[in-house]
There are 2 protein chains.
Amino acid sequence: MRLSNYFLPILKENPNDASVASHRLMLRAGMIRQLTSGIYNWLPMGVNILQKISNIVRDGLNKAGCVEILMSCLQPDDLWVESGRFDAYGKELLTMKDRHDRNLLFSPTNEEVVTDIFRKNINSYKELPVTMYQMQWKFRDEIRPRFGVMRGREFLMKDAYSFDIDKESAIKSYDKMFETYFNIFKSLGLNTIAVRADSGQIGGDLSQEFHVIADTGESTIYYDIAYDEAIKNSSLDLATMRNIYAAADEMHDPDNCPVPAERLVAKRGIEVGQVFYLGDKYSKALNAYVTNQNGEKIYAQMGCYGIGISRLIGAIIEANHDEKGIIWPVEVAPFIVSLVNLKVGDGSCDDICEKIYLQLNNAKVDVLYDDTTNSVGSKLATADLIGSPWQIIVGPKSAANNMVELKFRRTGEKEIVSIESALSKVCA
Amino acid sequence: MRLSNYFLPILKENPNDASVASHRLMLRAGMIRQLTSGIYNWLPMGVNILQKISNIVRDGLNKAGCVEILMSCLQPDDLWVESGRFDAYGKELLTMKDRHDRNLLFSPTNEEVVTDIFRKNINSYKELPVTMYQMQWKFRDEIRPRFGVMRGREFLMKDAYSFDIDKESAIKSYDKMFETYFNIFKSLGLNTIAVRADSGQIGGDLSQEFHVIADTGESTIYYDIAYDEAIKNSSLDLATMRNIYAAADEMHDPDNCPVPAERLVAKRGIEVGQVFYLGDKYSKALNAYVTNQNGEKIYAQMGCYGIGISRLIGAIIEANHDEKGIIWPVEVAPFIVSLVNLKVGDGSCDDICEKIYLQLNNAKVDVLYDDTTNSVGSKLATADLIGSPWQIIVGPKSAANNMVELKFRRTGEKEIVSIESALSKVCA
């Protein structure tokens, strides 16, 4: 993509209304704009990463055998009355009346609707287990939206729901999703920690949250230091993740903690995913059953599983930035390379940039080519701000020798290299 | 995809509440389920085609240099008050109040919001022209939703908006989008006809609608028979499309028609896209301007362009089905091949099917493998119903000779061929 054809409204100054780094940087890097409290429009670079993350999550779920559906944003209230949550959910539920005076609500979560799909379309134990998921915009009317997309009102969420014939099988589905989440977050370039959590309003008696560690995290989590060691040695695996002591604040009892104090770590975390074993809470309330081998009615045993796609972007930035801007993990970067032409109009600079741009496009490496006539300082600041893992900087001095500057955004390391060498590094 | 792992709730009987073929077939083929009047949930095969169509449309727009954004579903009412449409839009506008008693509405279209994005982020004539688009769920509170997804209330729409410095340039953007639409509909395997149309509630003084011809179309369109001839000769090109006389019902005046009666055709059409030149209707109302070379304020000249993604699926089916089911154009088919194992458990049948399934997956040809133990009749009926362009039918008799039956869904032609021959045909 050529920057001159792109829509990337960079803000040079820090916006006043953004109190956390991710919010500030998403505004400054032209990824989002607030429309009204807790509701955002996504600009091209924001849409790009929403799609990248969605595709990685989708791939992971498809590989795990889940099937993708898409439930509507608006729902009639009757299913919520049937489940008992219409009144219980409280003021975060946004309700409205249509022109015929019928009650609708904007879906904040979909246990009721997916259970309705299940009861109307699946009849036999032979059709189980099944896990359905969707990626859809949801709405929760937070009393005080804040932190940009991290605690917005309208947000993109991947929600999945498993249906099984008995508890044993349901726990297997839960464990499989736990493993799938572990793999998905790894594919996203994220170290997460799974903590035992309270299942809150959703219900059920087993739940874990996946957290990204960040100083700005809104909750405290407690865990065994072995976890940090595994990350440091790059040996974090599923077994470590499963067996380690880790608990959300509300589940951690200092007087009954199996981990000795000197091995216990307390850190701030940002929740990016949660898994729940629900049992038959919703299937019973909505009379959703299958018949077993003996023709008996069996309520489905359910699990539900969420990943906050839009919030994840905020969390990734909280964990990956410096004072100059975002530092995208290569796995999710909207652009892998920022190609910066320091002197548009200079023959050598233009030629080299066009050549590199063409080759990166051919190699299907996402590149943002700054072909604008902005000042050198502004171009370099923009490249740092938007955080592509690599920068290829083409200035007249090195260009005359057919060389370019290659900068690795995370460490700031720079070297003067040949065009071929730069290309082979960023394509690796 | 193995059917045993898929979620494809086929209905054997025609549903009572579906009066048109596409609605009936989308229900029967397990693509959608109604949640409440005019609101649908999409099941896996429905999601599959929504994504296929969205990606083709996205590719076409990106190639034309448009940039993708994503506007929220919910919007505050203030921009609509500012444009004067809050009252003018009428009862199709779904409004609500949030917990702080502020007015919100579910977006039925986005002229106001995109103009707001423009005025807040684009300041100079140097940044023009720009065309922004999104694919997002919208809501129009139709008084009588009908025909399934063809006239639903919640629907997926691609809407695009162009901004130019003057009328001449704006008409160029309009023409470019017209050409892009022509190419996109071709990529979707659709013959469409563009008719002069009334610009209605959206405003502006130039508008064209793209229609798919289908007997069940809701509107009458009038056009020169040359158009049909071009389709018959497969010589339909942009020039024909641009220059031909073609008008929507409300724009056709029989007394002042340039086409002689014997060359004039009247047919039923389903509108799948519309393009509008808006002028400065919204930019003026919302004070959206750039400065020109002389530092003067110039209101942006706008165009807007829609494609109904979910409605398109209905239109494609209306134009491509028979009494047995859907006949997908190969360009958009959820699955290119239905692989039908007539005798699961038979060694030869299973071996051949597994081999074909593996090879199609390796070749990245989308295949739905019916590996269920349903009856032969039910399997064949399902394959016809879901409408993959090709069926590879593997029964014990031909399998014993290492042969399979290859059926072309559109014509019903069948032949007994070798596995290699079947694979080479469906991969072509």
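Copies here are superposed by least squares on the C-alpha atoms of residues with pLDDT of at least 70 in both. Keep in mind throughout that this is a predicted model.

**Stop 1: the two chains**

Show chains A and B together. A rotation of 180° superposes chain B on chain A, with 0.0 Å of shift along the axis and an RMSD of 0.0 Å. The two copies are thus related as by a two-fold rotation axis. To find that axis from chain B, select B:Met96. Its C-alpha is the one in chain B nearest the axis, at 2.6 Å.

Now colour the interface. Of the interface residues of chain B, 100% are also interface residues in chain A, so the copies meet through the same surface.

**Stop 2: the Cys73 pair**

Select A:Cys73 and B:Cys73. What is the closest cysteine sulfur to that of A:Cys73? It belongs to B:Cys73, 4.3 Å away, which is too far for a bond. A disulfide needs the two sulfur atoms within 2.5 Å. Seen from B:Cys73, the closest cysteine sulfur is likewise in A:Cys73, at 4.3 Å. Both residues are out of the solvent's reach by the numbers: A:Cys73 is buried at 0% relative accessible area, and B:Cys73 is buried at 1%. A search of the whole structure finds 0 disulfides over all chains.

**Stop 3: a helix crossing in chain A**

Next, select residues 21-28 and 309-319 of chain A, helices α1 and α10. Two packed helices are described by the angle between their axes and the distance between the axes. Here the angle is about 105° and the axes are 8 Å apart. That makes α1(A) roughly perpendicular to α10(A).

Show side chains at the contact:

- From α1(A): A:Ala21, A:Ser22, A:Leu25 and A:Met26.
- From α10(A): A:Ile313, A:Gly314, A:Ile317 and A:Glu318.

By type, these contact residues divide into 5 nonpolar, 2 polar and 1 charged.

**Stop 4: α10 in chain B**

Switch to residues 309-319 of chain B. Is helix α10(B) enclosed or open? Of its 11 residues, 10 are buried, so the helix is largely enclosed by the rest of the structure. The buried residues include B:Arg311 and B:Glu318. Also among them are B:Ile309, B:Leu312, B:Ile313, B:Ile316 and B:Ile317.

**Stop 5: B:Ser388**

Stay in chain B and select B:Ser388. The residue sits in the loop between α12 (376-386) and β21 (390-394). B:Ser388 is buried, with 2% relative accessible area. Which residues does B:Ser388 touch, leaving aside those up to four places away in sequence? The contacts are B:Trp328, B:Phe335, B:Ile336, B:Val337, B:Ser338, B:Ala383 and B:Arg409.

**Stop 6: backbone exceptions**

Most residues other than glycine have a negative phi, and most peptide bonds are trans.

A:Pro129 lies in the loop between α5 (111-121) and β7 (130-139) of chain A. B:Pro129 is in the loop between α5 (111-121) and β7 (130-139) of chain B.

Then go to A:Asn402. At 48% relative accessibility, A:Asn402 is partly exposed.

Finish at B:Ser234. B:Ser234 lies in the loop between α7 (226-232) and α8 (238-243) of chain B. With 69% relative accessibility, B:Ser234 counts as exposed.

Technical notes: Residues numbered from 1 in each chain as written. Chains lettered and ligands numbered in written order. Predicted model: local features only at pLDDT ≥ 70, side-chain atom pairs only at ≥ 80, totals over all residues. Heavy atoms only, no water. Contact = heavy atoms within 4.5 Å. Axes fitted to C-alpha atoms, helices over the stretch in contact; angles between N-to-C directions. Helix = DSSP H or I, 4+ residues; strand = E, 2+ residues; numbered from the N terminus. Parallel < 35°, antiparallel > 145°, perpendicular 65-115°, else oblique. Nonpolar A, V, L, I, M, F, W, Y, C, P; charged D, E, K, R; others polar. Buried < 20%, exposed > 50% of the residue type's maximum accessible area, 1.4 Å probe, protein only.
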